[in-house]
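Dear colleague,

My notes on its packing follow.

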Amino acid sequence: TTLHSLARTFGYTPEKKIKINLDLAAAQLAYPLVPLRIEMPKKKMNLVWLVAESWRDDMLTPEIMPETWRFAQENQSFAHHYSGGNGTRMGLFSMFYGLYGSYWFPFLGLQQSPVFIDTLQQLGYQFNLHTSQSFSYPELDKTIFSKISRSDLHEVSEGLGWERDKKNAEEIVEFLQKGKGDAPFMVFMFFESTHARYYFPPESVIRKPYMEDLNYAVMDAKSHIVEIKNRDINASHYLDSQIGKILEALKRQNLMEDTTVIITGDHGEEFMEKGYWGHNSSFSEEQTRVPLILHIPGKGVGRVEHMTSHLDIVPTLAPLFGVQNPPEDYSLGMDLFGSKTRDYTVIT
């Protein structure tokens, strides 16, 4: 780093160059603010964490997603829930760390995993983690799952998005059907069907007309936005079938009483409602508001109407998995069921 040009603009010329060596590798994060106090829960609970790419809030309807809708009515759902970002990196980061998405960059540089995942590892959890994208793009293998063995990270890269989701869902069902011994498990799945170009098989079409060939190079998005959005509706309908397949396997294996289930989106998707198509371009409701459904054994049924955020997921879950510290020791979020409520949220 140099000061010479700037100094000259103020009329000062240094007599000699000053060399400063910065050891960036030695940089540290104050995370968590204090060491976590972890007590083994009386009953170890499994965790199934399902995230859909670009899944906007208003796709969760009885017509478009009947299986997921039914599950929401039977558990805890959140009417005004926001991602911590309008893109995948910031959305997933805020979800797993409970911190603002802009912290992604220093955490990536130091490959610092979230304390919640560290806690599960300390408690001896099995990990069965899946994506229809890649664990290296975005760099989940260097952030959220940086301490997880590569053998527990399962990617499906061949085929269209819906085909990859189908394969991953089948592998998760197979895992759930096998005996897993005494150790609890965490299952993670990142679905691709609802990412543009919005993927689905012919039997999942519930909305016409839809654009059959979504070609970025030649299409006029503005004039065909209805047909493009209809693709997303069809893709969401297909996504519902795959989420339903996993939920059915949990019920069939009598795992629901021992498993916390999270279903949400990394961020939303806009279809020109505010002048943009897609995401990562604006902080509009469409790009940032997502569904959130929580199944916590013994919690019952409820619908939270006030504003909630991805920042609040880990502060809600951590105490269930043995963390004794208050949320402010490791996050910027709050308990989704606590006495505090939000007047605002932060999206990056």
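Please bear in mind that this is a predicted model. I begin with Phe96, which touches Trp49, Pro114, Phe116, Ile117, Ile144, Phe145, Met186, Phe188 and Val314, leaving aside residues up to four places away in sequence. Apart from the core to which Phe96 belongs, there is a second, separate core of 31 residues that includes Ile64, Ala72, Leu239 and Leu250.

The largest nonpolar core has 45 residues, and those touching the most other members are Trp49, Phe96, Phe116, Phe145, Met186 and Phe188. At least two residues of this core come from each of β1 (46–52), α3 (88–97), α4 (104–110), α5 (115–122), β3 (126–131), β5 (185–191), β9 (292–295) and α9 (313–317). Helix α3 provides the largest share, six residues.

Turning to the rings, the structure holds 20 aromatic pairs. One of them is formed by Trp49 and Phe96, which are stacked at 4.0 Å centre to centre with 15 degrees between the planes. This pair links distant parts of the chain, with Trp49 in strand β1 and Phe96 in helix α3, 47 residues apart. Both Trp49 and Phe96 are buried. Phe93 and Tyr97 form another stacked pair, with 4.1 Å between centres and 20 degrees between planes. These two residues are separated by about one helical turn, because they lie four residues apart in helix α3; both are buried. Ring pairs also link Trp49, Phe96, Phe116, Tyr125, Phe135, Phe145, Phe188 and Phe321 into a cluster.

A charge placed over a ring was found as well: the charged end of Lys299 sits over the ring of Phe337, 4.2 Å from its centre.

Finally, I draw your attention to Ser204, in the loop between β5 and α7 (225–252). Ser204 counts as buried because its relative accessibility is 7%, under the 20% cut-off. Leaving aside residues up to four places away in sequence, Ser204 touches Asn234, His237 and Tyr238.

With kind regards

Key. Residues numbered from 1 in each chain as written. Predicted model: local features only at pLDDT ≥ 70, side-chain atom pairs only at ≥ 80, totals over all residues. Heavy atoms only, no water. Core = buried A, V, L, I, M, F, W, Y, C linked by side-chain atoms within 4.5 Å. Buried < 20%, exposed > 50% of the residue type's maximum accessible area, 1.4 Å probe, protein only. Contact = heavy atoms within 4.5 Å. Phe/Tyr/Trp six-rings, centres within 6.5 Å; stacked < 30°, edge-to-face > 60°. Lys NZ or Arg CZ within 6 Å of the ring centre and 35° of its normal.
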